[in-house]
Amino acid sequence: MGGGLVEWLKAALLEVQEYVGMLSLTARGIVSRPFYYRDVVQQFDAIGVGSLTVVLLTGLFTGMVLALQSGTTLDAFGARSMVGRLVSASIVKELGPVLTGLMVAGRVGSGIAAELGSMMVTDQIAALRALGTDPIRKLVVPRVLAGLVMVPVLTVIASAVGIVGGWIVTVFVLRVASSVYWNSVVEGLYIQDVWMGLIKPFFLGFAIVSIGCHVGLRTTGGTQGVGRATTNAVVASSVAVIAVDYFVTQLLIVLIY
Amino acid sequence: MAVVHPAPRSALLEEALGPGGPIIVFDHVQLAFDDKIILRDVSFTLKTGHTKIFLGASGAGKSTILRLILGLLKPDGGQIFVNGERVDDMSEDNLMAVRGDLGMVFQEGALFDSLSVRENVGYKLDEELNWVRSDADARVQEVLGFVGLGEFIDRRPSELSGGQRRRVAIARAMAAKPRILLYDEPTTGLDPITAVTVDEEIIKLRDLEGVSSILVTHQLRDAFFVAEHTAVRQGQDIEFPKASPEKCQEAEFIMLRDGLIAFEGNAGELRNAAQTDAYIEAFLS
């Protein structure tokens, strides 16, 4: 029993050590040559443009359902006109970043783990090294950069679409005047909220992509291993999104409010 | 001031590091994964233009030797030299320079499946050596012609047969003109006819391009074919007659067993050894 726990702790520590090791090599890869520009552009496209549809749909429906739910709740207090305030504050500060993060974790985190994992088990990573290429620079750096830049961009888009979704429901279902909604949206937002909505996704994007790369590059055990790695990557990066969101929120509340 | 005398080197290393010495040297190399000993004590040298053929059962550590040469794995003990440079304790950055003179053909090819045959073969020229596009294209055409797959240049690896994939892998390994080629089970899983086409590429590279090679296999037919044939240009064609006895001396077999070298010698000696050693006999029959 005790032996099993010790083994588990050892394995967990080793995993953390490998992860930190990969991150430091990635940091070095970002600031020194060689730098694979073409792969960076490709990943910006794959991670950013490729995730646009899912993020648009998620943002839109989240904004719509939020307006619907808060509308019926606010009715109890005769405060239907306050819907915009609720929608904008919760979407910009919390739901935009977290839901975008979760969607990207599902789509991109799993994809990265599956791709790097199958390259690992078919010796393509070893072949890269044999051909003189550092897999961290070629595969990890472009993905991490794309995650750092594109997840915030996607979050801004998701939040904007969410507020529009809220407007659609507020005007056409709740029958509140358009101008009332927009005034309420602006009233509900403070500049600190906007900062929070912009800063959080950097951390989320970084966590999702780096976890996907780490899990992918540690894949062993053939096609079964690739399946396991994909599942692990989605689970780990989804939990990381929620956990990192909490800690960064706590930190930002101390720092900027 | 006291004169510091370096520790005396073994005769093997003296020879290896002297002028014109061998290009790959293993000196008492040991490796274990957890409790499993892979290599107990392995020493050998590969000389310029020669071929070493590693035989042994699955899991005997044959492929491990190739990974140690490339620096993809580090040994637990002993020393490994490639072109006079010690690679067993070298950093990954410095290893990239050593790997410039090594080409590796992985088991199953390990082609990049997101890239076309053209991009696979030209990978090192485009990405690492930054060749001008037209030069790289010409070289890719040349090596694909060499392995007889010129018309497959725009295909994806998934559209190729097993034998074609191995030949593209050979083309990729030789594109940057390395002087040493490492083959990991290049014919395993291929039918005998296709296997011979792969063997012929190995012989061509050795005899027409002067490449030194290490071949890891458990396909004896292919091992003996490579050891006992030579490539000769006849006008436009290339023929593969039986090699002269002197030429056969340049291909040496090494049989690994329980992490040790159980046999080292040429094809004739291996056949003779089979008459006295039950293990080798079982392996050859």
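This is a predicted model: local features need pLDDT of at least 70, side-chain atom pairs count only at pLDDT 80 or more; totals for chains, interfaces and linings use all residues.
Residues are numbered from 1 along each chain as its sequence is written, and chains are lettered from A in the order in which they are written. Local features need pLDDT of at least 70 and side-chain atom pairs pLDDT 80 or more, while interface totals use all residues; side-chain values use heavy atoms, without hydrogens and water.

User: What makes D93(B) and R28(A) a salt bridge?
Analyst: The term requires a side-chain nitrogen of Lys or Arg within 4 Å of a carboxyl oxygen of Asp or Glu. The N to O distance between D93(B) and R28(A) is 3.3 Å, so the pair qualifies. The rule finds 5 salt bridges across the interface of chain A and chain B.

User: How many residues are in the contact, and what area is buried between chain A and chain B?
Analyst: Contact (heavy atoms within 4.5 Å) takes in 18 residues from chain A and 20 residues from chain B. The buried area, meaning accessible area (1.4 Å probe) lost on putting the two parts together, summed over both, is about 1,700 Å², with 50% from carbon and sulfur atoms.

User: Why is the crossing of α6(A) and α7(A) called right-handed?
Analyst: A crossing is right-handed if the near helix is turned clockwise from the far one by less than a right angle, and left-handed if anticlockwise. α6(A) passes α7(A) in the right-handed sense. The angle of about 145° runs between N-to-C directions on a scale from 0 to 180 degrees, with axes fitted to C-alpha atoms over the stretch in contact. The axes are 9 Å apart.

Key. Helices (H or I, at least four residues) and strands (E, at least two) are DSSP runs, numbered from the N terminus.
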